[in-house]
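This briefing sets out the domain contact, the chain contact, the sheet and the helices of the structure shown below. The points are grouped by topic.

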Amino acid sequence: MAVNPLFQLAPQFVLTVGRTSPEGLKLLGSAFFVAPGKLATTKHVTGADQTNLVLVFPRNDTLLTYEDTSNTQVRFIPTKITAVDPLRDICILEISTGAPRYHITGTDDVAPGDPVVTFGFPHSDTGRLVLTLQNADVGARILIDAAGIKSKHIVMNTQARPGQSGGPVFTADASRVVAMVIGSYAPGGGGGISLGGIDPATLHQTTHAISAEYIKGML
Amino acid sequence: MASDLDSLFSDPDDLLDALPAYQRQSVDTLLNSGKSPEEVAQLWLTTPGPSNTFPFGGERFASVFYDKLLDELEKFICDDKEYLAERRELISKVEAGKVVATSFMTTVIATHLGTTPALLTPAVVLILISVSRIGRRAWCEARAEVRKASQDPSKPLPPAEKA
């Protein structure tokens, strides 16, 4: 089946967040355009610290091009944080270029059973820079509490990995972004056991994404 | 000189006008639930996002941040020499309004703490409201006592800081 024409162009609207240091560039997570010159990611990706924060552009213009994983050359530009909501784990970044070619709506637009499409950079914590499309279904609509503030989320029937936080969740027809990936279900927030750098509590197909309606309110 | 700052602490609820709507809504909800401004400030800076969720990003939250903010605010509004120049500038901005003054103070402190004003503003506003209710001098004295007590573990913390 052919990839939707808009999804083919995902490298032009889904970027990687990184931080530069004397040791090099550390990749932190995903981000996507939500308004002209503005991108959304999660607060935990940036740590709300804009010191040496950059946006890294994918090396290819379309998803159809084979990604050369041995290529370590990247192009990045500095960015700054314009809005943060730590309770909903959302962060808005600003640069001088780019704009979305889709609408930002919310999780009211999708129901359990509906197909959705996500983009992100799984395993970017290990330096891997491969923009990856994942098909999933909405498994549930849930409210998640943070310090007494409840927010709309969807559960997606897919497994996510570090680097995918901040990735957009599209409707299958590519017309709308309804949510943003924030992580996976883990009782107590995980962090109990680590095997080879992986928390076994996160190895399941229960990925959480927060409704994009909260992003709109921050622009 | 710090007494010139006192107009910043009159009608403290006006300070909430410094917050954008998306932050104001959450802060109002938490305050209306019965939490104190200091409690809400602490929640704002220490809550690691939605509960029972493992984040798939590159950095984890630093929980010592709230205490550092209190330290910097104390230096700023309690006559510490470290912020002498910035305090002079703040006094000149108080006349322009509380939103401008709060924004300036937040930007200065955010730079010291290595974070963004966008995160810090609600916490600064809420702590300033708390200072207003206690009184700036009383708050500064309580903070000084806390520091002394922390240097001498045999002394209990003053009641105002336990709340």
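Two residues are counted as being in contact if their C-beta atoms, placed from the backbone, lie within 7 Å. On that basis, the contact between the chains takes 53 residues from chain A and 28 residues from chain B. The model is predicted. Chain A is assigned two domains, domain 1 (5–94) and domain 2 (103–216), while chain B has eight helices and one strand.

**Contact between chain A and chain B**

- The elements of chain A that each supply at least two residues to the side touching chain B are β2, α2, β6 (80–85), β10 (132–146), β11 (149–156), β13 (176–185) and β14 (207–211).
- β6(A) gives the most to this side of chain A, with five residues.
- By residue class, the side of chain A that touches chain B divides into 22 nonpolar, 22 polar and nine charged residues.
- Strand pairing also links the chains: β13(A) and strand β1 (residues 53–55) of chain B pair in the antiparallel sense over three bridges.
- Within this pairing, Ser184(A) has Phe54(B) of β1(B) as its bridge partner.

**Contact between the domains of chain A**

- The C-alpha centres of domain 1 of chain A and domain 2 of chain A are 16 Å apart.
- Domain 1 of chain A brings 28 residues to the contact, and domain 2 of chain A brings 28 residues.
- On the side of domain 1 of chain A that touches domain 2 of chain A, two or more residues come from each of α1 (5–8), β1 (14–21), β2 (24–35), β3 (38–41) and α2 (43–46) of chain A.
- β2(A) gives the most to that side of domain 1 of chain A, with six residues.
- The residues on that side of domain 1 of chain A divide into 17 nonpolar, seven polar and four charged.

**The seven-stranded sheet of chain A**

- An open sheet of seven strands in chain A has the order β5-β4-β1-β2-β3-β7-β6, with antiparallel pairing.
- β5 (75–78) and β6 of chain A stand at the edges and have a single partner strand each, so one side of each lacks a neighbour in the sheet.
- Neighbouring strands of this sheet are turned against each other by 40 degrees on average, direction ignored.
- Strand β4 (residues 53–57) of chain A has four of its five residues buried, so β4(A) is largely enclosed by the rest of the structure.
- β4(A) is joined to β1(A) by four bridges, and the two run antiparallel.
- In β4(A), Val56(A) stands opposite Thr16(A).
- Four bridges also join β4(A) to β5(A), again with the strands running antiparallel.
- Val56(A) has Phe76(A) as its bridge partner in β5(A).
- Further along the order, β3(A) and strand β7 (residues 90–94) of chain A pair in the antiparallel sense over four bridges.
- The bridge partner of Thr41(A) in β7(A) is Cys91(A).

**Make-up of chain B**

- Read along the sequence, the elements of chain B follow the pattern α-α-β-α-α-α-α-α-α.
- Chain B has 163 residues, and 36% of them are buried.
- Of the contacts in chain B between residues at least 6 apart in sequence, 61% join residues at least 24 apart.

**Helix packing in chain B**

- Two packed helices are described by the angle between their axes and the distance between the axes.
- The axes of helix α2 (residues 37–46) of chain B and helix α3 (residues 65–77) of chain B come within 9 Å and cross at roughly 125 degrees.
- α2(B) makes the contact through Gln42(B), Leu45(B) and Thr46(B), and α3(B) through Phe65(B), Tyr66(B) and Leu69(B).
- The residues of this contact of α2(B) with α3(B) divide into four nonpolar, two polar and no charged.

**Ser33 of chain B**

- Ser33(B) lies in the loop between α1 (21–32) and α2 of chain B.
- Ser33(B) counts as exposed because it has 12 C-beta neighbours inside 10 Å, and a residue is exposed if the number is 12 or fewer.
- Ser33(B) and Ile127(B) are 94 residues apart along the chain, and their C-alpha atoms are separated by 17 Å.

How values were computed: Residues numbered from 1 in each chain as written. Chains lettered and ligands numbered in written order. Predicted model: local features only at pLDDT ≥ 70, side-chain atom pairs only at ≥ 80, totals over all residues. Domains from an automatic or database assignment. Nonpolar A, V, L, I, M, F, W, Y, C, P; charged D, E, K, R; others polar. Pairing = 2+ DSSP bridges. Axes fitted to C-alpha atoms, helices over the stretch in contact; angles between N-to-C directions. Buried ≥ 20, exposed ≤ 12 C-beta atoms within 10 Å, placed from the backbone.
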